[in-house]
Amino acid sequence: MRTVSMLDAPSSARAILDGLKEAGVNLIATLPDINLRDLLKLVETDRDIIHVPLCREEEGIGICTGAHLAGKKCALIMQNGGLYNSVNGIVSTLLHYQIPLLLLIYYAGDVGDRNFSTTGAMTEPVLHALGIRTYILRDPGEAKVLIRRTHVLAQDYRRPVAILLTKDVLGRRSPGE
Amino acid sequence: MFSGGGARENSYGVSQMKRIDCFRAMAEIVGDALVVTGAGGNTVEWSACRPSDGNFRVRTMGLVSSIALGIALGLAKRKVIALDGDGSLLMNLCSLPTIANKNPPNLIHIVLDNGAYESSGEIKTATASGSDLVGMAKAAGIKKALWANTIEDFKRAVSEAVKGNTLTFIGAKVELSRAEVPPYPIDEVENKYRFIRYVEKTENIEILRTSLPASYF
């Protein structure tokens with residue numbers, strides 16, 4: 001595995017949110033994961049962003065669809081378990097109506113993570129089966145450019161595009177992890 | 001189930017209306033409000049009562065209220081109405097606390113509660129045995145949530161919500177029956193484009209821009 005430019009978790013979170021804002025994203029729906037904590041705290045307090053805290057991820061698919069119809073540029077931030085919760089909405093709304101949406105998904109169960117190996121194992125296959133183009137972000141230094149490009153790709157493709165956020169990007173909470 | 005005409009009573013003893021009569025009454029007073037409808041009878045009956053490019057039909061069961069919330073958040077000064085069903089809302093009950101939390105004053109969430117999965121074979125939903133969707137909306141934190149028991153009540157409640165500036169949830173018990181109306185005239189992708197173009201025109205904003213040039217990268 002190549003060496004990544006290390007940023008601490010708050011700096012990585014800042015880079016991701018700055019990337020979203022530079023891409024023109026102005027509405028973000030979220031559901032927490034401990035690894036997304038720093039990012040969601042930034043989203044929650046950003047005055048330029050309409051933040052929609054969710055109770056279940058699939059409703060975020062609907063909210064972002066409605067906001068797209070109203071002219072907003074949207075992103076949905078969640079864990080990969082939330083991706084699974086969202087599949088019907090992704091299929092019968094996003095794909096069926098051709099709605100662009102940036103999905104920022106914490107890659108639980110990725111190599112280097114613990115406890116969610118089954119969730120991790122299905123993540124890329126499910127995204128692949130849905131025809132969702134997927135990019136894995138391992139280097140926080142690449143966050144801004146990748147977010148901007150995937151946002152443009154989603155608009156161009158008129159479908160969701162996913163970025164898998166890894167622990168290397170979001171920050172490790174203990175040195176041994 | 002059918003008693004052969006006239007008003008029937010549901011499990012609360014509340015008389016039921018016809019959904020199409022609710023829609024006919026509504027259509028006179030909602031102006032150019034954007035209206036989001038769920039799969040099944042809501043979509044075709046509403047479209048028959050108010051044909052408009054400002055109608056958006058939802059195909060994912062449960063997401064009517066979520067999509068309406070997204071539109072309401074995106075267009076804070078435009079009235080947005082969700083025409084939900086009991087089966088649909090029961091599938092996405094977490095939408096209620098999310099809506100209450102954002103509290104958009106321009107959103108009107110209407111549930112036509114017929115106590116059944118009408119389009120899926122008329123099997124009963126939980127509301128047929130007493131689950132109270134207005135009670136749930138109130139408990140979720142939506143302060144203005146009410147049952148409308150007659151067409152006049154319903155029309156008044158919708159009218160107040162349209163004229164006012166308060167998040168409103170309206171429940172209406174309706175008969176399990178579908179009016180004879182034409183099928184929905186367009187497919188989903190055309191519905192999307194027409195709806196967006198309608199919003200662009202009526203709000204004087206640009207939503208669908210041409211792609212960035214390749215040199216952007």
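# Briefing: a predicted model of chains A and B

In chain B, strand E4 (residues 107-113) and strand E8 (residues 168-173) run parallel and are joined by 6 bridges. The structure is a predicted model, with an ipTM of 0.95 and a pTM of 0.94. Each chain has an open parallel sheet of 6 strands, described below for chain B and for chain A. The two chains also touch, with 31 residues of chain B in contact with 29 residues of chain A.

**Confidence**

- Chain B has a mean pLDDT of 91, and 89% of its residues reach 70 or more.
- Over residues 1-7 of chain B, pLDDT stays under 50.
- For that stretch of chain B, residues 1-7, the model has 4 contacts beyond four places in sequence.

**Sheet of chain B**

- The strand order in the open sheet of chain B is E2-E1-E3-E4-E8-E7, with parallel pairing.
- Strand E2 (55-57) and strand E7 (144-148) of chain B are the edge strands, each pairing on one side only.
- From one strand to the next, the twist of this sheet averages 20 degrees.
- Within the pairing of E4(B) and E8(B), B:Asp113 stands opposite B:Lys173 of E8(B).

**Sheet of chain A**

- In chain A the open sheet has the order E2-E1-E3-E4-E6-E5, and its 6 strands pair in parallel.
- Its edges are strand E2 (50-53) and strand E5 (133-137) of chain A, each of which pairs on one side only.
- Strand E1 (residues 27-30) and strand E3 (residues 74-79) of chain A run parallel and are joined by 4 bridges.
- A:Thr30 stands opposite A:Ile77, a residue of E3(A).

**Helix packing in chain B**

- Helix H1 (residues 19-27) and helix H7 (residues 151-163) of chain B have axes that come within 9 Å and cross at roughly 40 degrees.
- That crossing angle makes H1(B) oblique to H7(B), and H1(B) passes H7(B) in a right-handed crossing.
- H1(B) contributes B:Asp21, B:Cys22, B:Ala25 and B:Met26 to the contact, while H7(B) contributes B:Ile151, B:Phe154, B:Lys155 and B:Val158.
- By class, this contact of H1(B) with H7(B) holds 6 nonpolar residues, 2 charged residues and no polar ones.

**Helix packing in chain A**

- The axes of helix H1 (residues 9-22) and helix H2 (residues 37-45) of chain A come within 8 Å, crossing at roughly 50 degrees.
- H1(A) and H2(A) are therefore oblique to each other, and the crossing of H1(A) past H2(A) is right-handed.
- On H1(A), the contact is made by A:Ala9, A:Pro10, A:Ala13, A:Arg14, A:Ile16 and A:Leu17.
- On H2(A), the contact residues are A:Asp38, A:Leu39, A:Leu42 and A:Val43.
- The contact of H1(A) with H2(A) divides into 8 nonpolar, no polar and 2 charged residues.

**Interface between the chains**

- Contact between the chains involves 31 residues of chain B and 29 residues of chain A.
- Helix H3 (64-74), helix H5 (95-102) and helix H8 (188-203) of chain B each supply at least two residues of the side of chain B that touches chain A.
- H3(B) gives the largest share of that side, 8 residues.
- The residues on the side of chain B that touches chain A comprise 18 nonpolar, 9 polar and 4 charged.

Terms used
Residues numbered from 1 in each chain as written. Chains lettered and ligands numbered in written order. Predicted model: local features only at pLDDT ≥ 70, side-chain atom pairs only at ≥ 80, totals over all residues. Contact = placed C-beta atoms within 7 Å. Nonpolar A, V, L, I, M, F, W, Y, C, P; charged D, E, K, R; others polar. Axes fitted to C-alpha atoms, helices over the stretch in contact; angles between N-to-C directions. Parallel < 35°, antiparallel > 145°, perpendicular 65-115°, else oblique. Left-handed = near helix turned anticlockwise from the far one by under 90°. Pairing = 2+ DSSP bridges. pLDDT = per-residue confidence, 0-100.
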